[in-house]
Amino acid sequence: MMIAVAVLAAGRGTRMKSQLPKVLHPLGGRSLVEWVLQSVSELEPTHKIVIVGYAGEMVRQALQDLPQVQFVEQTEQLGTGHAVQQAMPLLENFTGDLLVLNGDVPLLRRETLKDLLRIHKTYGNAATILTAQIPDPRGYGRVICDGNNIVKQIIEDRDCTAAQKQNRRINAGVYCFNYPKLAEALPHLKSENDQQEFYLTDAVNDLEPVMAMDVEDYEEILGVNDRQQLATAYQILQRRIKQYWMMAGVTLVDPGSITIDDTVQLAPDVIVEPQTHLRGETVIGTGSRIGPGSYVENSQIAANVSVKFSVVTDSQVAADTEIGPYAHLRGQTQVGSHCRVGNFVELKQAKLGDQTKASHLSYLGDAQLGDQVNIGAGTITANYDGVQKHQTIIGNRSKTGANTVLVAPVKLGDNVTVAAGSTVTQDVLEPGLVIARARQIVKPGWQLKPPAP
Ligand code: UD1
Ligand code: CA
């Protein structure tokens with residue numbers, strides 16, 4: 001059976017009290033609406049339609065790299081039913097099923113969607129809607145069914161009588177429609193309700209049969225309407241992600257203090273220590289120990305690396321290297337294998353060969369270091385002349401003494417040693433020692449004059 005998908009993402013999300021449209025709020029590495037689109041990716045839909053409206057341009061831009069997504073504009077947000085009406089021109093002649101998803105229900109599992117589609121097909125329903133029995137149904141539409149899960153009515157929380165509010169079966173905002181039947185019903189929606197909106201949920205009145213399917217784990221269908229629900233969704237997601245990695249052979253020491261984005265990849269026998277946060281497209285190789293107290297974002301860390309009390313963003317670290325304590329790697333830095341970088345060292349767009357060490361109090365920016373280089377304590381690349389950034393290049397086995405300043409652009413060849421306290425302004429291409437500082441003067445017997453009586 002052919003399936004098309006429509007995601008409702010035009011609402012402002014007033015309850016978020018945010019400049020950002022609700023569906024773009026981030027949740028563990030993806031925005032809410034990206035989560036929703038991700039949940040349908042395996043179904044191979046013929047259409048992926050996202051209905052945008054509030055800050056529509058922003059939503060389009062955020063999703064522009066996703067394959068196959070089509071956008072339709074809902075210029076006025078007149079309700080969820082009105083939103084689906086906007087997708088009708090794109091679905092002309094479509095005779096399959098339309099899966100409609102709210103853009104603010106991010107935790108839905110793929111298996112649940114598959115179950116929904118299976119039931120829809122097995123019973124030949126006009127519509128099958130996902131429901132849940134939840135302890136606190138406040139805010140959700142209530143689903144009134146007969147004994148056989150046949151839906152009689154869906155009533156929004158605000159339109160419910162006191163008695164109807166007692167009903168704990170709620171509408172998850174996930175629907176599978178026989179599209180030709182829905183297309184007939186959609187034009188007849190009325191806005192006779194508390195919000196004077198065209199509710200998609202009223203379409204069930206015109207369709208037969210409509211069946212409800214309860215989700216087993218109601219955490220999946222949490223709708224995010226405010227910041228509290230966003231935080232709750234994050235907790236649920238974190239629990240899922242951590243369970244997954246622990247089952248995959250990763251040690252999490254004190255998991256409650258760790259956060260891991262869904263986009264992160266961890267090899268077996270990685271150890272993540274407390275207070276560590278792994279974000280974005282980060283990959284960590286086997287045997288590596290990250291943390292305690294570290295932040296790694298969009299970085300690739302190979303095997304047997306240790307990262308203690310450090311921040312690593314947009315960078316790569318090769319095997320058997322030690323990072324930290326208190327290092328900061330950023331801006332496409334690449335560190336080779338068997339290196340040491342720590343104790344208040346910052347690397348920005350720096351490339352270090354293998355077995356190179358920068359162990360104390362340094363800034364290396366726009367720098368290329370060879371193998372077995374030793375950077376003395378307090379070595380600084382002066383890479384910025386106030387207008388432009390310049391490169392520092394250091395060859396294999398070279399060493400800088402403590403408190404060296406390398407004024408870029410500058411190049412040291414292989415086997416160059418820089419004396420402590422030097423300010424190097426010119427290239428040193430041959431092996432040797434460079435001393436670039438004032439010679440020490442000692443005046444024997446010199447003393448302060450005693451003050452005049
Ligand atoms: C909706 C359902 C409710 C269900 C709940 C589940 C309706 C009428 N109610 O309520 O039964 O329990 O979801 O989470 O459908 N949107 C548009 N255009 C609009 C209005 C909304 O695109 O004109 C989008 C929003 O961006 C959002 C989604 O539709 O992603 C749901 O809208 P929202 O206002 O959050 O509906 P709820 O009140 O939560
Ligand atoms: Ca909602």
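Modeller: Pro325 is found in the loop between strand S24 (322-323) and strand S25 (327-330); helices (H or I, at least four residues) and strands (E, at least two) are DSSP runs, numbered from the N terminus. The bond that joins Gly324 to Pro325 is a cis peptide, with omega about 5 degrees.

Two notes on conventions belong here. This is a predicted model, in which local features need pLDDT of at least 70 and side-chain atom pairs count only at pLDDT 80 or more, while totals for chains, interfaces and linings use all residues. Residues are numbered from 1 along each chain as its sequence is written, chains are lettered from A and ligands numbered from 1 in the order in which they are written, and side-chain values use heavy atoms, with hydrogens and water left out.

A cis peptide bond also runs from Gly291 to Pro292, with omega near 5 degrees. Pro292 belongs to the loop between strand S18 (289-290) and strand S19 (295-297). Asp254 is not a glycine, yet its phi is positive, at about 60 degrees. This residue is in the loop between strand S12 (251-252) and strand S13 (259-260).

Now the ligand site. Ligand 1 is surrounded by 25 residues, and the closest are Gln74, Gly79, Thr80, Glu156 and Asn171; a residue counts as near if one of its heavy atoms lies within 4 Å. By class, this shell consists of 9 nonpolar, 12 polar and 4 charged residues. Here Ala, Val, Leu, Ile, Met, Phe, Trp, Tyr, Cys and Pro count as nonpolar, Asp, Glu, Lys and Arg as charged, and the others, Gly among them, as polar.

Oxygen atoms of ligand 1 meet the protein backbone in several places. A backbone N or O atom of Ala10 is 2.9 Å from a ligand oxygen, and a polar backbone atom of Gly141 is likewise 2.9 Å from an oxygen of ligand 1. For Gly103, the distance from a polar backbone atom to a ligand oxygen is 3.3 Å. The cut-off for a polar contact is a pair of N or O atoms within 3.5 Å. On its own, ligand 1 has 760 Å² of accessible area, and the protein covers 92% of it; areas come from the Shrake-Rupley method with a 1.4 Å probe.

Ligand 1 sits in the largest pocket, in the sense that more than half of its atoms lie within 2 Å of the pocket's grid points. A pocket is an open set of points on a 1 Å grid over the protein atoms alone, where a 1.4 Å probe fits and protein lies on both sides within 12 Å along at least five of seven lines; lining residues have an atom within 4 Å of a point. Strand S1 (3-9), helix H3 (80-86) and strand S10 (169-178) each give two or more residues to the shell around the ligand, and S10 gives the most, with 4 residues.

The lining of the largest pocket divides into 10 nonpolar, 17 polar and 8 charged residues.

Methods:
Polar contact = N/O pair within 3.5 Å; in protein donor to acceptor, adjacent residues only side chain to side chain.
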